[in-house]
Amino acid sequence: MSQVYDRVALIGLGLIASSMFWAIKRAGLAGEVTGYSRSAKTRDTARQIGLCDRVCDSAIEAVKDADLVVLCVPVGAMEAVAQEISGALNPGATVTDVGSVKRHVIQSVAPYIPEGVHFVPAHPLAGTEHSGPESGFAELYDNRWCLLVPAEGSDRGAVKKLRSLWEGMGANVEEMDADHHDLVLSVTSHAPHLIAYTMVGVADDLSRVTDSEVIKYSAAGFRDFTRIAASDPTMWRDVFLTNKDATLEILGRFTEELFALQRAIRTGDGEQLFDYFTRTRAIRRGIIEAGQDTDAPDFGRGKASQ
Ligand code: NAP
């Protein structure tokens, strides 16, 4: 793979940005990668571990002369960052983001994109429960999806270049509109996270057992929930606050199904339970066949993706 951009600026240096940096370096996709994070601690760590060719002390310095700027901060922080860098963006540059919610990010960032700068929102469907500058690794995006969410009338050249970058980082790329993205993700990621948070919270409330038995005897089901429920609190707070409608719609459906299964248990309707679990098992097989997970019985102990 050859160089796609001369200079890429990563704003925010957590899991997603650091993985992008290592993946960009692995394939030689950019001439120089600059980086900025709001805390001196994160910037120092980045310098120590060689994350970014140049770590800058301001976002404005990082985006100067960049032909691609990637916003890698929590969804709720995108607007302030976009406002801050707006006046320093290079004419002809592309701004993209990696936020887990798209409609809200578009609404909050687009007003700060100057004339002559392209805006191509994106969302890599890859992650782990770890965060921070030291959590990234070059393989995170390998064979994962990255969804591009260009607005109607977006510059096709800018979209094509961003696609090349993500493909160069190992991802499969598809385009989707923002509302559809937010609905799909509420089913595949947002609602499941809320359910995991809830289940772990319920176990924690039963503190009599949590202190000992829940942790000691945590079988695969609960242990997998705890991995998901260990995800970054800021990121997930922002996801639920900004993808409200789709998530509430899915949670409403979830609650109805849960009541139906609860009733089946109460009335002893084994046939309904068996049929339901047979249907859901097929979905797991489909995910494995699509190469989005392995059937290795490691109970989520490997570098699992969300
Ligand atoms: P992360 O590891 O927690 O890193 C977050 C970064 O954003 C840090 O550099 C942090 O700066 C900065 N930041 C936090 N709050 C900020 C604020 N209020 N203003 C400015 N900067 C702020 O997060 P991540 O997992 O890389 O997630 C980044 C983005 O990717 C989010 O929008 C998330 O929705 C999206 N995403 C995440 C995943 C996932 O599974 N993790 C997957 C796909 C997409 P300091 O360290 O200096 O405080």
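Leu147 stands opposite Glu174 in E9. Four bridges join strand E8 (residues 145-148) to E9, and the two strands run parallel. Strands pair here if DSSP finds at least two bridges between them. Strands (E, at least two residues) and helices (H or I, at least four) are DSSP runs, numbered from the N terminus.

A word on the source. This is a predicted model, in which local features need pLDDT of at least 70 and side-chain atom pairs count only at pLDDT 80 or more, while totals for chains, interfaces and linings use all residues. Residues are numbered from 1 along each chain as its sequence is written, and side-chain values use heavy atoms, with hydrogens and water left out.

E8 and E9 belong to an open sheet of three strands, in the order E7-E8-E9, with mixed pairing. Its edge strands are E7 (122-124) and E9 (172-175), each pairing on one side only. From one strand to the next, the twist averages 20°. H6 packs on this sheet and touches E7, E8 and E9, and its direction makes about 150° with that of E9. Contact means heavy atoms within 4.5 Å. Axes are lines fitted to C-alpha atoms, for helices over the stretch in contact, and angles run from 0 to 180 degrees between N-to-C directions.

Now follow H6 to another sheet. Helix H6 (residues 156-168) lies across strand E1 (5-11), strand E4 (68-71), strand E5 (94-97) and E6, running at about 75° to E1. That sheet is open and has six strands in the order E3-E2-E1-E4-E5-E6, with parallel pairing. Strand E3 (54-55) and strand E6 (118-119) are its edges, and each pairs on one side only. Gly35 stands opposite Val55 in E3.

Look next at Lys64, in the loop between helix H3 (59-63) and E4. Lys64 touches Arg7 and Ala88, not counting residues up to four places away in sequence. Thr247 is 183 residues from Lys64 in sequence and 37 Å away in space, C-alpha to C-alpha.

Two packed helices are described by the angle between their axes and the distance between the axes. For helix H7 (residues 178-205) and helix H11 (residues 244-267), the angle is about 60° and the axes are 9 Å apart. Which residues of H7 and H11 meet? H7 brings Asp182, Leu183, Ser186, Val187, His190, Ala191, Leu194 and Ile195, and H11 brings Ala246, Thr247, Ile250, Leu251 and Phe254. The residues of this contact divide into nine nonpolar, three polar and one charged. Ala, Val, Leu, Ile, Met, Phe, Trp, Tyr, Cys and Pro count as nonpolar, Asp, Glu, Lys and Arg as charged, and the others, Gly among them, as polar.

Finally, step back to the domains. The protein is divided into domain 1 (5-176) and domain 2 (180-268), with bounds from an automatic or database domain assignment. Their centres, taken over C-alpha atoms, are 29 Å apart. 15 residues of domain 1 are in contact with 15 residues of domain 2.
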